[in-house]
Amino acid sequence: MKNILLTIALTLFTLNVSANVFDLRSEGYTGRYCVGDTLSYNLDGEFVEKILVSAEGISRDGFIKVYADGNLIHNIGVPGYDPDYTFRVRQSVSNITLKFEETCSRILDMKIFTEGQTSSRDSHSFRGYGVEGWGTDVQSIVSEMAERSLLSGDDLWNNFLKPLQVLAIKYDAVAAVSGEGDVKAAYYALKLAKVIADKEDELLDNASRRQDMTNVRDLMQIKEDILEAYDVKSRNLDSEIQELSVYL
């Protein structure tokens, strides 16, 4: 278990240095919150890229539910082995609210990252996701879904998330020195799309129970982005991947 958690921690998405940051710790929002308490922060419609929450439960297991404009976007299980929880939002938000359930929790730090003006995602995009960002975005999603998978005790990590993570890392390594036109980059990008497509129906069936709907939606969008970029139909993925493999 420790090794799995370490692997997940190492693959958390690196925070974009060009983003603007709302530092709630410096504004006095840290401290102890108990069952029924809320932490509310207004943003005036800012486009929120991701949120970092450092929290620890007090005395027993509990949850911190995170809402954006009233919609549940993340469910943090506390206490945990690692007090840092990073999750993506990627929408314009007027208010972020944390609700504390089942146990008191201590908020150690909290940062809200809004979209930077010159992010790589904007400068290398087809429809919102960057060619150079597919691997990084997938790794970020894997990290978020793996946390819930470990808490629920299901087999999603071994059967889907770990293989997807490996492919994302391989794609990133190739794309960093080539681009979408490279044969190897195309091969790993289409492999990413194939793994997502093969698991899509099961992910949709279980998304509500796991509270992974946003992550599943983003994976499906990345898959569609890849298919559009390489002009490949989902039904032809196997044959296209096979054709590319002979050039590797």
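1. Basis. In this predicted model, local features need pLDDT of at least 70 and side-chain atom pairs count only at pLDDT 80 or more, while totals for chains, interfaces and linings use all residues. Residues are numbered from 1 along each chain as its sequence is written, and side-chain values use heavy atoms, with hydrogens and water left out.

2. Fold. The protein has 7 helices and 7 strands; these are DSSP runs numbered from the N terminus, with helices being H or I of at least four residues and strands being E of at least two. Their order along the sequence is α-β-β-β-β-β-β-β-α-α-α-α-α-α.

3. Of the 248 residues, 48% are buried (buried means under 20% relative accessible area, exposed over 50%, and partly exposed in between, with a 1.4 Å probe and protein chains only). Among contacts with a separation of 6 or more, 76% involve residues 24 or more positions apart; a contact requires heavy atoms within 4.5 Å.

4. Surface. The accessible surface amounts to about 12,100 Å², and carbon and sulfur atoms account for 47% of it. Accessible areas come from the Shrake-Rupley method with a 1.4 Å probe, and for residues only the protein chains shown count as cover.

5. Disulfide. The model contains 1 disulfide, defined as a pair of cysteine sulfur atoms within 2.5 Å. C34 is joined to C104 with an S to S distance of 2.1 Å. The pair links distant parts of the chain, 70 residues apart: C34 lies in the loop between strand 2 (31-33) and strand 3 (38-58), and C104 in strand 7 (residues 104-114). The link is right-handed, with 105 degrees about the S-S bond. C34 is partly exposed at 22% relative accessibility, whereas C104 is buried at 15%.

6. Nonpolar patch. V183, V246, Y247 and L248 form a nonpolar surface patch with about 420 Å² of accessible area together. Patch residues have over 30% relative accessible area and no salt bridge, with like charges joined within 9 Å and nonpolar side chains (Val, Leu, Ile, Met, Phe, Trp, Tyr) within 5 Å. A salt bridge places a side-chain nitrogen of Lys or Arg within 4 Å of a carboxyl oxygen of Asp or Glu. Y247, in the segment after helix 7 (237-245), is exposed, with a relative accessible area of 64%.

7. Helix 7. L237, I241 and L244 are buried in this helix. They lie on the same side of helix 7 because they cover an arc of only 65 degrees around the axis, taken from the directions from the helix axis to the C-beta atoms. The face turned away from the buried side carries the exposed residues D238 and Q242.
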